[in-house]
Amino acid sequence: MYTVSSTADHSLLWFGIGGLRALRRGDLVFALKFGAAIGFESALTNGAVKSLFRRVRPEHEIVEGPLPYGMRRPITSSFPSGHATAAFTAASILARTGRGAGVWYLLAGIVASSRVYVRMHHASDVVVGAAIGLGFGAAMKRFFTADRGR
């Protein structure tokens, strides 16, 4: 779970998956749209939305030096989970534009739940983040056409 959580920092996991899909299809437009969508989601969540809340992250033991498994200690509000928001935004887009919808939502759920496991978020941070991500994904629906055959 630590590795999953770290891999999803800064939406790197999702940018990688979106980039691989674009390369596989030879679809630069998808890559640009996907990158813009995830960037927009991140700016809104980690900027505007988190600035409205000052929720303290779950307590954990103070560790001197770097955290294990490449983890980093965020300085932003705990509410909502940016990892969960990004994961479910990306899953919504990936599910709409290709096959394997269940896999994308499963991966999003694993990323989101990893944040509770590694004690960076409260469960409610993740649940609300997932809901916001699903909302962002639905709002971006018109920018991404369904293309199940590719």
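**Exercise 1. Identify which residues ring pairs link into a cluster with F144, and characterise the pair that F30 forms with F34.**

Ring pairs link F30, F34 and F144 into a cluster. The model is a predicted one, in which local features need pLDDT of at least 70 and side-chain atom pairs count only at pLDDT 80 or more, while totals for chains, interfaces and linings use all residues. Residues are numbered from 1 along each chain as its sequence is written, and side-chain values use heavy atoms, with hydrogens and water left out.

Step 1. A pair of aromatic rings is described by the distance of the centres and the angle of the planes. Rings of Phe, Tyr and Trp (its six-membered ring) pair if their centres lie within 6.5 Å, and planes under 30 degrees apart count as stacked, over 60 as edge-to-face and the rest as tilted.

Step 2. A search of the whole structure finds five aromatic pairs; one of them joins F30 and F34, with 5.5 Å centre to centre and 25° between the planes, and is stacked.

Step 3. F30 and F34 are four residues apart in helix 3 (residues 28-51), and are therefore separated by about one helical turn; helices here are DSSP runs (H or I, at least four residues), numbered from the N terminus. Both F30 and F34 are buried, where buried means under 20% relative accessible area, exposed over 50%, and partly exposed in between (1.4 Å probe, protein chains only).

**Exercise 2. Determine where S11 and R119 are placed, and what the phi of each is.**

Step 1. S11 lies in the loop between helix 1 (2-7) and helix 2 (12-25), and has a positive phi of about 60° although it is not a glycine.

Step 2. With 7% relative accessibility, S11 counts as buried; leaving aside residues up to four places away in sequence, S11 touches I38 and A86, a contact being heavy atoms within 4.5 Å.

Step 3. R119 is placed in the loop between helix 5 (101-117) and helix 6 (123-139), and its phi is positive as well, at about 65°, although R119 is not a glycine. At 41% relative accessibility, R119 counts as partly exposed.

**Exercise 3. Describe how helix 4 and helix 5 are arranged, and give the classes of the residues in their contact.**

Step 1. Two packed helices are described by the angle between their axes and the distance between the axes. Axes are lines fitted to C-alpha atoms, for helices over the stretch in contact, and angles run from 0 to 180 degrees between N-to-C directions.

Step 2. The axes of helix 4 and helix 5 come within 9 Å and cross at roughly 175°, and the two helices are therefore roughly antiparallel to each other (angles under 35 degrees count as roughly parallel, over 145 as roughly antiparallel, 65 to 115 as roughly perpendicular and the rest as oblique).

Step 3. Residues making the contact include H83, F88 and L94 of helix 4 and W104, Y105 and R115 of helix 5. By class, the contact has twelve nonpolar, three polar and one charged residues, with Ala, Val, Leu, Ile, Met, Phe, Trp, Tyr, Cys and Pro counted as nonpolar, Asp, Glu, Lys and Arg as charged, and the others, Gly among them, as polar.
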